[in-house]
Amino acid sequence: MHSSSTTTRILVVANRTAAAPRLLDEVRRRADAGPCEFTLLIPDAADRKAADWTLETALPLLRKAARRSVDSRVGGPDPFEAVREAATGGDYDEIIVSTLPRRTSRWLRRDLIRRVEGLGLPVTAIVPAQRPTLEDLVTTPHVPG
């Protein structure tokens, strides 16, 4: 944590798992441990509609878990570059990355967590079991186009 504040600033990186119970539990645990500010970064969104749906769904749940407002950002198509840009300009103390299960996660296939660890901040990875339950995953509904 940086010494100029007693509040821990956490960048939460998630897309389709942004409202998943495992992530909400981790946010709640962090908020219970001490003062925290959270920013949700949604990188790699298929389109703006998908990102907006995720924000509309996830932010109220994250706010409830954090017991305070949660900022949000939408990143570009490259998840690592979106995280790097946010981390470089955001003065964060740590990063939480929430992914889909290993067999379906493009982020894990692209080695996102290891690459994010290379940015020099503590990283917590939330990766559900190989066979997710409905509680592990909140999927984006089909939006007729």
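Residues are numbered from 1 along each chain as its sequence is written, and side-chain values use heavy atoms, with hydrogens and water left out. Because the model is predicted, local features need pLDDT of at least 70 and side-chain atom pairs count only at pLDDT 80 or more, whereas totals for chains, interfaces and linings use all residues.

The secondary structure of the chain comprises five helices and five strands, where helices (H or I, at least four residues) and strands (E, at least two) are DSSP runs numbered from the N terminus. Along the sequence these elements follow the pattern β-α-β-α-β-α-β-α-α-β. Of the 145 residues, 44% count as buried, a term that denotes under 20% relative accessible area, with exposed meaning over 50% and partly exposed in between (1.4 Å probe, protein chains only). Among the contacts (heavy atoms within 4.5 Å) with a separation of 6 or more, 77% join residues 24 or more positions apart.

Helix α1 (residues 21–33) packs against helix α2 (residues 48–66) at an angle of about 30°, their axes being 7 Å apart; axes are lines fitted to C-alpha atoms, for helices over the stretch in contact, and angles run from 0 to 180 degrees between N-to-C directions. The two helices are therefore roughly parallel to each other, since angles under 35 degrees count as roughly parallel, over 145 as roughly antiparallel, 65 to 115 as roughly perpendicular and the rest as oblique. On the α1 side, L24, V27, R28 and A31 meet L61, L62, A65 and A66 of α2.

Residue W107 is placed in helix α4 (residues 106–109) and is buried, with a relative accessible area of 6%. Leaving out residues up to four places away in sequence, W107 touches V13, A14, N15, P43, D44, P79, V97, S98, T99 and L112. Of these, D44 is 63 residues from W107 in sequence, with 9.2 Å between their C-alpha atoms.
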